[in-house]
Amino acid sequence: MSTERIILGNNCIFNGNPKETGLNRNVLVVGGTGSGKTVSFVEPALIETLRVTRPHNKIVILTKRELANKYIPLYKDAGFSVYDLDFSNPENGNCCYNPLAYMKSDEDISDLSHAIVMANDRKEHTNADPFWDDSSEQLQGAEIAATLMIKDKATYADVLDLHSSLKIEESGCGITTSLDSVFRRIERTAPDCYAINCWKTFKEAAPRTAKSIYVSMNSTLRAFTASIRNSMRTKPSVDFGKFADEKSILFITTSPVKKALHSLANIFVSQAISELFSIADESVSGTLPIPTDIIFDDFATGAKVADMPEKLSICRAKGIAFLGLLLQSELQLRRMYGEFGAAEIIDNCDHYVFMGGNNYETARALSLKLNVPLEDILYLPVGHIIVFRRGQKPMFSTRYDVYHDEFYKKITKEWEYKSSQRSRER
């Protein structure tokens, strides 16, 4: 095979070339826990990449570390540049996430500061005065910009060190801080720079207000654990220019239970997509040198992408596809992006696979779409699926039987043997 197919189910395997089909490669997969989303969709997609002569690059966001461990050796053997970014256990990975590696302008610093401050999901459900978030962004922007100006080969760990050293005291009608001397030195050489403008705005706060802003930022930055900071200092960042230009795969592992890591993964994945968009924009063709597919093994807990509806609407032109957005129900999508955002995401996926589930609202929406009784959706037999593909009538089928795939059986047998060996060695 020369190009990758889209494998959605038994007898539901399609040409995946958008130029030939007129369809995008975006796929929404909805199914309850244990319905087989990973083994029937994610693993066949990973295997398909290894089989073709012109593979797409992949970014795979996982909450199951064993999946990365299983496929990393295979991709290395196939000649891929393999990037392994593990937020849950950074020592396992071969690269790190250093947000400062992607700063090229003041706008980038502003965007990163906003992303870090707003990464906490609780902020979406609060009516708090936006003043606090705006002020936190000014403080964070000042710290990032100052670090980039005063330190060679700066990492975000250096920003965290600078922030930790900040002490605030009341002085007359304003405040003095332990970082005043740092910003005075910067101001002497660049009085109108971004760092100074942000710092001056922060310094206008009243003493109690400034201390509250600082404490609020401490809570926001808790996701950057000691092990993650250490990885920033000792491991290389993901080079997306190199990633886009050669046969590559990036595994990103987060945790379904360590919620503090979700915000960090959210920031990285959003920044990664923005980097790829920029690389595509700068190319003569306006698209990536090698098409890139992004797979979210558990979209609701793995990483939330900022401005996802907008990104989905333009990704095809950049050579980027969201090949797998795996969810337990459409309700999760509405919780993440609101009613209109969720609808826009669904509309921009030319492929939709329903693998069963107990969510009434999802079943009701599909029953209306199919013009069938609600119970036909709610009581869909285990292992059965419904496939929607733009321009075609819906198909009732069964989930892809990867267990009879000879390549899958071979690699799974080898993986299970190596896993049992490691268990005995322990």
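Because the model is predicted, local features were considered only at pLDDT of at least 70 and side-chain atom pairs only at pLDDT 80 or more, whereas totals for chains, interfaces and linings use all residues. Residues are numbered from 1 along each chain as its sequence is written, and side-chain values rest on heavy atoms, with hydrogens and water left out.

The protein chain contains 18 helices and 13 strands, where helices (H or I, at least four residues) and strands (E, at least two) are DSSP runs numbered from the N terminus. Its radius of gyration, taken over C-alpha atoms, is 24 Å, close to the 22 Å given for 426 residues by the globule rule, so the chain is as compact as a globular protein of that length; the rule itself is 2.2 Å times the number of residues to the power 0.38. Along the principal axes, the C-alpha atoms fill a box of roughly 75 × 50 × 45 Å.

Of the 426 residues, 55% count as buried, a class defined by under 20% relative accessible area, with exposed meaning over 50% and partly exposed lying in between (1.4 Å probe, protein chains only). Among contacts (heavy atoms within 4.5 Å) between residues at least 6 apart in sequence, 74% join residues at least 24 apart. The accessible surface, computed by the Shrake-Rupley method with a 1.4 Å probe, comes to about 19,700 Å², of which 50% belongs to carbon and sulfur atoms.

A search of the whole structure finds 0 disulfides, a disulfide being a pair of cysteine sulfur atoms within 2.5 Å. Cys 95 is in no disulfide, and the nearest cysteine sulfur, belonging to Cys 96, is 7.0 Å away; Cys 95 is buried, with a relative accessible area of 4%. The sulfur of Cys 349 likewise lies too far for a bond from the closest cysteine sulfur, that of Cys 315, at 8.4 Å, and Cys 349 is buried at a relative accessible area of 8%.

Most residues other than glycine have a negative phi. Lys 153, however, has a positive phi near 50 degrees; this residue is placed in the loop between α5 (130-150) and α6 (156-164) and, at 82% relative accessibility, counts as exposed. Asp 307, also not a glycine, has a positive phi of about 55 degrees and lies in the loop between α13 (299-302) and α14 (308-318), where Asp 307 counts as partly exposed at 49% relative accessibility.
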